[in-house]
There are 2 protein chains.
Amino acid sequence: MNDLLEPLLAGNRRALSRAITLVESSRADHRQRAIALLSALPAGKALRIGLSGTPGVGKSTFIEAFGKMLTGQGLRVAVLAVDPSSTRSGGSILGDKTRMETLSRDPLAFIRPSPSQTQLGGVARRTRESIRLCDAAGFDVILVETVGVGQSETLVAEMTDIFVLLLAPAGGDELQGVKRGIMEIADLILINKADGELLTTARRTVADYAGALRLLRKRAGDPEGFPKALPVSAVTGDGLEKAWENIRYLADWRRENGHFATHRARQARHWFEAELRAGLLASLDRPEVRRRMERVGGQVAAGQAAPEQAALSFLDWLREHGAASGPEKA
Amino acid sequence: MNDLLEPLLAGNRRALSRAITLVESSRADHRQRAIALLSALPAGKALRIGLSGTPGVGKSTFIEAFGKMLTGQGLRVAVLAVDPSSTRSGGSILGDKTRMETLSRDPLAFIRPSPSQTQLGGVARRTRESIRLCDAAGFDVILVETVGVGQSETLVAEMTDIFVLLLAPAGGDELQGVKRGIMEIADLILINKADGELLTTARRTVADYAGALRLLRKRAGDPEGFPKALPVSAVTGDGLEKAWENIRYLADWRRENGHFATHRARQARHWFEAELRAGLLASLDRPEVRRRMERVGGQVAAGQAAPEQAALSFLDWLREHGAASGPEKA
């Protein structure tokens, strides 16, 4: 049924690329194939790490250095991106692989640029499904990168196991610039550029964030000392090993205490409900429904019908025409 | 069919109150009655004015003074509130009528507190429908107040004809605190507290905002000089007449140029589509659907089914059971 499944499970990169292209497609027949493929995927072993950081913090350099360290240990690393603004900014995030030139040439690494898509919902679905494809393809670590805008961090946190926030060394006053909501979902805060002239500032920033994190309520299911702030340098490589150790420690701790599985289960249930809502709303995208909406909308605009009554009658029509459940069948 | 219609159209305040309570109800039989009532309403003559302002700007005092000025001219004034946070803050906004004691005793005025509801969507529907009830009840001016949080301004702008932003006198630096998006939807920026010691600061703030507004693109369908910044004092009453003159001038201008009707038509169409989407999603609230979602969600969480495939099968089931169009019939 799906010629991609076997090579994908064997870890074939070309098959993985094609599978991601398939889940990115909005064509009805592609969607059917994508769903069939996703349903056939066994669970893999990958640790899913979300990574966010404001522009200028050195995120690409960090991913390159961190990724190389992991592949140096023989681990297979996939890098995905969530960038809801990619169409507007011209695909700045992972728009090409030149941002991570060394890592992209590494046979143990797989880098996939963010597709140009404006809707956050579409980006979320694509990333969530790409994660499962990479997982099934045998990757050990999946890094999901996001820019620090709007709700993208929350979305990425909802599809990963560990959330890492990458920040630059800064004065204590700038601490307030980091939104409280982001602080609350971070498992690990890494202060980058802890090298050369900035080393002292970076260490002080780590202490500042460590203090701020202590003020936040400790999360149920986390070991003592987490969430944690640590210094790293993507340039010298200092602190990368320690960051990875902490990530693994936290993941192992959660696995042993059952929180890891609970978290994944909650994510799957959340995703099922999101797909259900999206599917219901997709019934409005069918051409004959669109045409009717246009016509009835015109009547409402002309004051010939009240919006509420028109919507109610429209829903009755949808039910009668069996059109109220998901996209058109291919 | 609806015993509220006749007294409502006659301007009976008790009937108006009961009608608003009806549209606020989520009970299926109430909703049916509400929709029947809304469909029977003729269009009124009310000018709908959205009003936003940060806490501490003197919004209640302004509404009281502005409202009294309008009723002093023999105009009937209704005040509604959009406060998505009212449950959390304990109903701070219009939580009781003591905030506007004089206006609330005025026979020409009608003040309706914000219902305690967390969902912005629910608050929006209730306010949108209450506006039409007040309109049909013969009010001349409907003031829709909102707190300056999140998306509530945009929502209020989508249901009113003119949007007024009330700000306090401030240094030029603080100008940046006003979100650009809010500046862009404002037709009139009023700098309150232009009296006593703050008069000079208020005048400078007006000049600052006037400058900032000139930098924004002039909106199609607006006369020269709009959007505009003006000083007012809710305490001395200075500038209130002039603010009202400007609001009327802008409304008349838009009426004469057809933009007023176009705007209302677009709002009605927008509302029809929003109701349609809400109605589709409401099919998931039916008890038997909830139970099935719970069960299938559990299977997905346990890894027995992929989220996408489970959602697709669920949509098929919904279609077969004719449950995919709106809330349960009463």
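The area buried between domain 1 of chain A and domain 2 of chain A is about 1600 Å², and carbon and sulfur atoms give 59% of that area; buried area here is the accessible area, taken with a 1.4 Å probe, that two parts lose on being put together, summed over both. This is a predicted model, in which local features need pLDDT of at least 70 and side-chain atom pairs count only at pLDDT 80 or more, while totals for chains, interfaces and linings use all residues. Residues are numbered from 1 along each chain as its sequence is written, chains are lettered from A and ligands numbered from 1 in the order in which they are written, and side-chain values use heavy atoms, with hydrogens and water left out.

**The two domains of chain A**

- Domain 1 of chain A covers 1-41 and domain 2 covers 42-257, with bounds that come from an automatic or database domain assignment.
- The contact, meaning heavy atoms within 4.5 Å, takes 16 residues from domain 1 of chain A and 20 residues from domain 2 of chain A.
- Arg13(A), Leu16(A) and Leu41(A) supply 34% of the area that domain 1 of chain A buries against domain 2 of chain A, which is more than any other three residues.
- Between domain 1 and domain 2 of chain A there are three salt bridges, each being a side-chain nitrogen of Lys or Arg within 4 Å of a carboxyl oxygen of Asp or Glu.
- Helix H1 (5-9), helix H2 (13-24) and helix H3 (28-40) of chain A each supply at least two residues of the side of domain 1 that touches domain 2, and the largest share, eight residues, comes from H2(A); helices (H or I, at least four residues) and strands (E, at least two) are DSSP runs, numbered from the N terminus.

**Strand S2 of chain A**

- Six of the six residues of strand S2 (residues 77-82) of chain A are buried, so the strand is largely enclosed by the rest of the structure; buried means under 20% relative accessible area, exposed over 50%, and partly exposed in between, with a 1.4 Å probe and protein chains only.
- In a regular strand the side chains alternate between the two faces of the sheet.
- Val77(A) stands opposite Ala109(A) in S3(A) and opposite Val141(A) in S4(A).

**Salt bridges**

- Over all chains the count comes to 44 salt bridges.
- Arg269(B) forms a salt bridge with Glu294(A), the closest N and O atoms being 3.2 Å apart, and this pair crosses between chains, from helix H11 (residues 259-282) of chain B to helix H12 (residues 287-301) of chain A.
- Asp187(B) and Arg254(B) meet through their side chains in a salt bridge (2.6 Å, N to O); because Asp187(B) lies in the loop between helix H8 (180-185) and strand S6 (188-191) of chain B and Arg254(B) lies in helix H10 (residues 240-256) of chain B, the pair ties together parts that are 67 residues apart in sequence.
- Both Asp187(B) and Arg254(B) are buried.

Notes: Two strands pair if DSSP finds at least two bridges between them.
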